[in-house]
There are 2 protein chains.
Amino acid sequence: MSTQPQEAPAKRLDDLYAKRAQAVAAQLTGPAPQSGATPLSLAFGLADPALFPTQELSEATAEAVAERPDAVLNYGPPSAELIEQIATRLGRQGIAAEANQLLLSYGSSQILALLPEVLVDPGDVVIIEGPSFLGAVRRFEQVGARLITIPTDAQGMDVDALEDSLASLAREGIRPKFIYAIPTFHNPTGVTMPLERRKRLVALGAEYGVLIVEDDAYGDLRFVGETLPSLAALDTEGWVLRVGTYSKILAPGVRLGWAYGQPKLLQRLSMFKLEGANGPFLTHVIARYSADGRLEAHIEELRALYRYKCQVMLDTIAREFPSDVTTLTPEGGFFIWSKLPADLSANALVPLAAKRGVAFLPGTRCYTNGQGDDAIRLAFSYQNAENIVEGITRIGDAMRELRATDH
Amino acid sequence: MSTQPQEAPAKRLDDLYAKRAQAVAAQLTGPAPQSGATPLSLAFGLADPALFPTQELSEATAEAVAERPDAVLNYGPPSAELIEQIATRLGRQGIAAEANQLLLSYGSSQILALLPEVLVDPGDVVIIEGPSFLGAVRRFEQVGARLITIPTDAQGMDVDALEDSLASLAREGIRPKFIYAIPTFHNPTGVTMPLERRKRLVALGAEYGVLIVEDDAYGDLRFVGETLPSLAALDTEGWVLRVGTYSKILAPGVRLGWAYGQPKLLQRLSMFKLEGANGPFLTHVIARYSADGRLEAHIEELRALYRYKCQVMLDTIAREFPSDVTTLTPEGGFFIWSKLPADLSANALVPLAAKRGVAFLPGTRCYTNGQGDDAIRLAFSYQNAENIVEGITRIGDAMRELRATDH
């Protein structure tokens, strides 16, 4: 080989990345994928497409762009009417929300992803429920949070265990940054935290100076019983950030969520919302759609449909699952949580169900600590009643097959 | 005063902020506000509401939600058709774009805001044009970039000065992270960089291993002359990231932009796009609208309208501005840039124009280094022809008043 003159090393694009961007982060779960792959999926909390108000949304779009083209289609702020509508809905729940206490977002998942940017330095403690919604929790972890899992029971988060944990952390000089709670129609358990626990949770947040993040994605979809005050309504000292969404009451595909909380906290969330405020078009369309009681009437229809499908699933479970499977009855929301007996592993059940063309979410996908192989989450939100019966029946068959194989 | 028992200091929400969120960042310029405050504003690059295709957008919405409600309104990915349409448009410009080389965003400003997250550690050098679009540049600064401004002339960025700067930095061992360029119908100058300079710019990026960020917000709005190859089309080694938007060819209010570039770079931009991929609803609506040649036909209409309004502004400037004001004639875009003689200060002109109910952008708002008091940016995009004549006439009056006062 001939001697080559000394050459500078080739310049690579990869050399240009900032420190924070050098490693490619693991893909987060994010919104559930379309269930195309599995013919009969009860795994994800998709909305029922049968009740998307397509006609009314089309009319709302036509009216919004025809009547105020410049406000709706040019540069400008999001719809002030939409923010008023959210404030009005909160007002009916005993929360007096001003416009500067509300921040619109591209889905509530955006708020949940921005939160740790504002609150978490690496090693900071964040308290979560076990099980919980990992789409949010994984992001807390990614920013460097040290997660502490508080167990839940049929009344939601165990506030005694929470108090013990807060006291123990305080003795170590550790003040957690926030408690991530889904007190109403929990994801994945469907459980609703009763009033007494809500009051204690809010009091503990104030006592220990820890923000409570109330994820209320499902609260409007109550099938039975009385509405309970949200944590934000019980909070008198500003320790609750409430996160809401149009995904379950209108359509996930519009990607519209919001947060209610202290203006100084929302201001900081906005700092990390790099694209700026939500745009005018979509927010005006949704505001127009929601006006004149249309959204409330639609929510009534949704309640009736999901109540029915939930009951179909519960009835089928009672008939088709082995009698030692314990199923929690939700008062609303999208999900049913079934606890399996010791000899049935949720993850072992997955392939046996898949063989029958059915999918569910094994409980391990709802814990960060390896727990959950003793439970499964079943979504009654997406499939129609016929498919729910078929899907649950096949999962029951899979359970019996697993049991027969194991013994 | 009686002695109080020792109390723990009150717990404050403010104590919970992460380091990165403790200071409240200055509000960035972001998209231009609605021009409501000033009755006759030529300051901001808003779109002309007269040509928003409101009827067609309404029809596209109705068709999209009626035909595929689940894909359009449930959880799911953005419209694949939209990504194909963008690839097809790029294909007509000699760029063979695969789907994984395109990333959708909430406005092109989101891409420009995500960029420094991926590329800039504090102190890193970023090269910008002087003048430039500060909505993007201020964000680079906020992340800690050290900005180096390359002067521009009537052919755009001075590539000799760029080469000198790159060579001088290289001697210091400094490799800039990226060059932010608006080569076509520049904001604010309206200037288009000729082919020879484009080739040299792309070659310099490859030679020095510096990413070139080609902001092409206005490129489709050419009034006269032949379309020139974009930097991305001239690039054979992957050193160009091209940023596009529907804001100028459809409507800013839909907040839809995109980036074309190397998949590994887009993947990293996605990591900081915390809300996840753009949603299905809006992207399906825009794809439906754009299909069957509708978007291309609309762009033809826009070209004719903006060409006309640009000419009206140029004619009025020739008639009404003092003869020693030098005005660049753009071949497309939204803006006209007028250089003022030494005795006219752009900032001194602002209140005299405001007194006459007219606004423009003083050149200082387009530089980070204090330059620009010798120039003004005039947007012909938003106002109708009558208002353009009126606005320019009043600014001409203001110039004469300023001159009379000064001497």
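User: How many of the 5 residues of strand E7 (residues 211-215) of chain B are buried?
Analyst: This is a predicted model. In a regular strand, side chains alternate between the two faces of the sheet. On one side of E7(B), Leu211(B), Val213(B) and Asp215(B) are buried, and on the other Ile212(B) and Glu214(B) are buried too. The strand is therefore largely enclosed by the rest of the structure, with a buried count of 5 of 5.

User: Which residue in E7(B) is the bridge partner of Phe178(B)?
Analyst: Strand E6 (residues 178-181) of chain B runs parallel to E7(B), joined by 4 bridges. E6(B), helix H7 (residues 195-208) of chain B and E7(B) form a right-handed β-α-β unit. Phe178(B) pairs with Leu211(B).

User: Which residue in E8(B) stands opposite Glu214(B)?
Analyst: E7(B) also runs parallel to strand E8 (residues 240-245) of chain B, through 4 bridges. Opposite Glu214(B) is Arg242(B).

User: What area do chain B and chain A bury between them?
Analyst: Chain B brings 81 residues to the contact, and chain A brings 81 residues. Of the buried area, 63% lies on carbon and sulfur atoms. The total is about 7,000 Å².

User: Which residue of chain A meets Asp14(B) in a salt bridge?
Analyst: The rule finds 8 salt bridges across the interface of chain B and chain A. In one, the N to O distance is 2.7 Å, and the side chain that meets Asp14(B) belongs to Lys264(A).

Terms used:
Residues are numbered from 1 along each chain as its sequence is written. Chains are lettered from A and ligands numbered from 1 in the order in which they are written. This is a predicted model: local features need pLDDT of at least 70, side-chain atom pairs count only at pLDDT 80 or more; totals for chains, interfaces and linings use all residues. Side-chain values use heavy atoms; hydrogens and water are left out. Buried means under 20% relative accessible area, exposed over 50%, partly exposed in between (1.4 Å probe, protein chains only). Helices (H or I, at least four residues) and strands (E, at least two) are DSSP runs, numbered from the N terminus. Two strands pair if DSSP finds at least two bridges between them. A crossover is right-handed if, with the strands pointing away from the viewer, the path from the first strand over the helix to the second runs clockwise. Contact means heavy atoms within 4.5 Å. Buried area is the accessible area (1.4 Å probe) that two parts lose on being put together, summed over both. A salt bridge is a side-chain nitrogen of Lys or Arg within 4 Å of a carboxyl oxygen of Asp or Glu.
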